[in-house]
Amino acid sequence: MVLKIFFPQCCNAADSGLLIGRWLPGHNSAVVLAVIHFPFIPGQVKQYLNQLQSLTQVDLTVLGSWCKPSEDQERVQSFLKDLSTIFPHERWLQLSSEKGKKRFSCLVNSRGSKVFESGDKEDKGDQVICIHYDQCKVMLSQLHPAQGGILNPQTELSELRLVFQTVSQSQALFYIDKYDEGPFKLTHWQSEGREGSILVELSKQASVPVCLVLAWLLSIWYWVCKSRILNLWPMRFVSSKLSSCIQLSHRAEHLQTISVPRKAEDHTEFMRKANIFVSFLVDVALGLLLVSWLYRENRIGQLAETLVPVADHIAEELQELLKWLMGAPAGLKMNRALDQVLGRFFLYHIHLWISYIHLLSPFIGMILWYVGLSACLGLTFALSVLSDIVALLTFHIYCFYVYGARLYCLKIYGLSSLWRLFRGKKWNVLRQRVDSCSYDLDQLFIGTLLFTILLFLLPTTALYYLVFTLLRLLVVLFQGLLHLCVDFINSFPLFAMGLRICRSYRLAAGVKFRVLEQESERPLHLLMEINPLTYSAVLQWYRTLTYSCYPKDSWGALCKKLFIGELIYPWKHKNIKTD
């Protein structure tokens, strides 16, 4: 049988004393956490271990002894061996370091049997493997399940996960360092003193009142949002369609999450709060940079002066396009009457839109000045406002698309119904299926007449529908890019990615072992190193949940809707959260 001893690297130079650790249940392994130096009183050691067990809920015990090379090494080893009667256990480890070497020998004293040394020829069945680990990295790291796996607390933990769990749960043991006064001295990863910062301590003290104030402000905000005036149908409908309102509500939920004063219960909740907090800070910082750029050198005024000429130019281009469609576009023969009616109808809408833009032109500068200040709430809010502005400025294109799509869809459904009439079929609305039906001559004559009229008018309607659908798709593509940027800023785990870059051991995907020393009649010494999560795995594990703005339908379903003329809203927000 192989006995594995997980030994911290910081204890290689420790003075002689007792090994404090834990025997892993269900495994033939021991985890060494600290070394208690001489002199000590055994009764105080037992009392101290009982206190640690009640605090950490970890079954800590004395694993054995640690002997450092000295002049009276034999006497010290004999004394440490006698301590096994005071701290009884199934096995008593006797680790002895050698002068000038970083490795150590291991003797295992089993109750009711002789003492054997790992590697003895007489005991081929008992082998000892000493695994050296960095106690600081294992303490601060979080071991993740396999790719796509979910850790179930009810399932039996693996040996490696028990090692990580034992070290991370023994924080109370690491509070004592060599500068603290106590009944005895210990050696562990904090033996040089705990790290501290005045700024960190002040931020911890100020975080609680800041969270309380933020929670109070958010409660006022939610009370205003739930007022009766804002819940009326027009206000509720408009707010559900504006990207800026949706983003503001989304950020309010984020602030409510991070403003909870209680401590995070587990690693997942802590990482989620940290990612949201860092993402919010970066978002606001980018928004402030945008504000400083906009209000420097009067760029807001320059933008307001160029907005009206650009709108006029777009309107002129649309007028030229409609005039081209009212002729013989690309040599196609159109139905002249329908072509003239549709062209004049759309030209009238463009004329109304130009008049509306010129009516608002004196106020555009002031509107843009106040809209620019919205970037103080974050770059995502500014991008959402930009998306709403684009939607308002291209509202006439949206109307053209709706008119063309409705007219084209009406003709497609009319032709399909009349085609079923020729085949002696009809659509059963109640059963949602096609049934057989018999028609008389008058119905067939009228159906043939209507089918001929719709068929010959279809190319003209289809051409207008195609042109305005392409214009609408260009606007939707630009808005989609803005929504993708907002979704990227909201969901990208900046804190987790920063940990992966700066302290990769904090997010562990597994471990790897490297041979340190392998000699005959000596225990095998291995070095355990942490394998960090890959960047793609970090994104998969810690990406923040957002309100998705992606289409519910597949690309095939979208193409089918475009072909039959159904209205599509590819960037309409869902009511559920998706990852």
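Modeller: Start with helix 12 (residues 395–422) and helix 13 (residues 441–491), whose axes lie 7 Å apart at an angle of about 150 degrees. Angles over 145 degrees count as roughly antiparallel, so helix 12 is roughly antiparallel to helix 13. The crossing of helix 12 past helix 13 is left-handed. By class, the residues in this contact are 25 nonpolar, 7 polar and 2 charged. Bear in mind that this is a predicted model.

T452 and L415 are 37 residues apart along the chain, and 9.1 Å separates their C-alpha atoms.

Next comes a hairpin. Strand 11 (residues 425–428) pairs with strand 12 (residues 433–436) through 4 bridges, in the antiparallel sense. K425 has S436 of strand 12 as its bridge partner. There are 4 residues between the two strands of the hairpin, and Q432 takes a positive phi near 55 degrees.

An unreviewed entry marks "transmembrane region" over residues 206–225, 276–295, 367–394, 443–467 and 473–496. In the model, residues 473–496 are 92% helix and 0% strand. The end C-alpha atoms of that span are 36 Å apart. Residues 276–295 come out at 95% helix and 0% strand, with 28 Å between the end C-alpha atoms.

Two packed helices are described by the angle between their axes and the distance between the axes. For helix 9 (residues 299–325) and helix 10 (residues 336–373), the angle is about 180 degrees and the axes are 10 Å apart. Helix 9 and helix 10 are therefore roughly antiparallel. Their contact holds 18 nonpolar, 5 polar and 2 charged residues.

N298 lies in the loop between helix 8 (267–294) and helix 9. N298 is not a glycine, yet its phi is positive, about 55 degrees. Its relative accessibility is 52%, so N298 counts as exposed.

Another positive phi belongs to Q57, near 60 degrees, again in a residue other than glycine. Q57 is in the loop between helix 1 and strand 4. At 66% relative accessibility, Q57 counts as exposed. Q51 is in helix 1 (residues 42–56). Q51 has a relative accessibility of 42%, so it counts as partly exposed.

Past the Q57 loop comes strand 4. All 7 of the 7 residues of strand 4 (residues 61–67) are buried, so the strand is largely enclosed by the rest of the structure. Strand 4 pairs with two strands named here. With strand 2 (residues 17–23), the pairing is antiparallel over 5 bridges. L19 stands opposite G64 of strand 4 in that pairing. With strand 5 (residues 91–97), strand 4 runs parallel, joined by 4 bridges. W66 has L95 of strand 5 as its bridge partner.

Strand 1 and strand 8 (residues 127–133) pair in the parallel sense, over 7 bridges. I5 is bridged to C130 in strand 8. Strand 1 also pairs with strand 3 (residues 29–37), in the parallel sense over 3 bridges. There, F6 has V31 of strand 3 as its bridge partner. In a regular strand the side chains alternate between the two faces of the sheet.

Terms used:
Residues numbered from 1 in each chain as written. Predicted model: local features only at pLDDT ≥ 70, side-chain atom pairs only at ≥ 80, totals over all residues. Heavy atoms only, no water. Buried < 20%, exposed > 50% of the residue type's maximum accessible area, 1.4 Å probe, protein only. Pairing = 2+ DSSP bridges. Axes fitted to C-alpha atoms, helices over the stretch in contact; angles between N-to-C directions. Parallel < 35°, antiparallel > 145°, perpendicular 65-115°, else oblique. Nonpolar A, V, L, I, M, F, W, Y, C, P; charged D, E, K, R; others polar. Left-handed = near helix turned anticlockwise from the far one by under 90°. UniProt positions renumbered as here; feature names shortened; annotations may be inferred.
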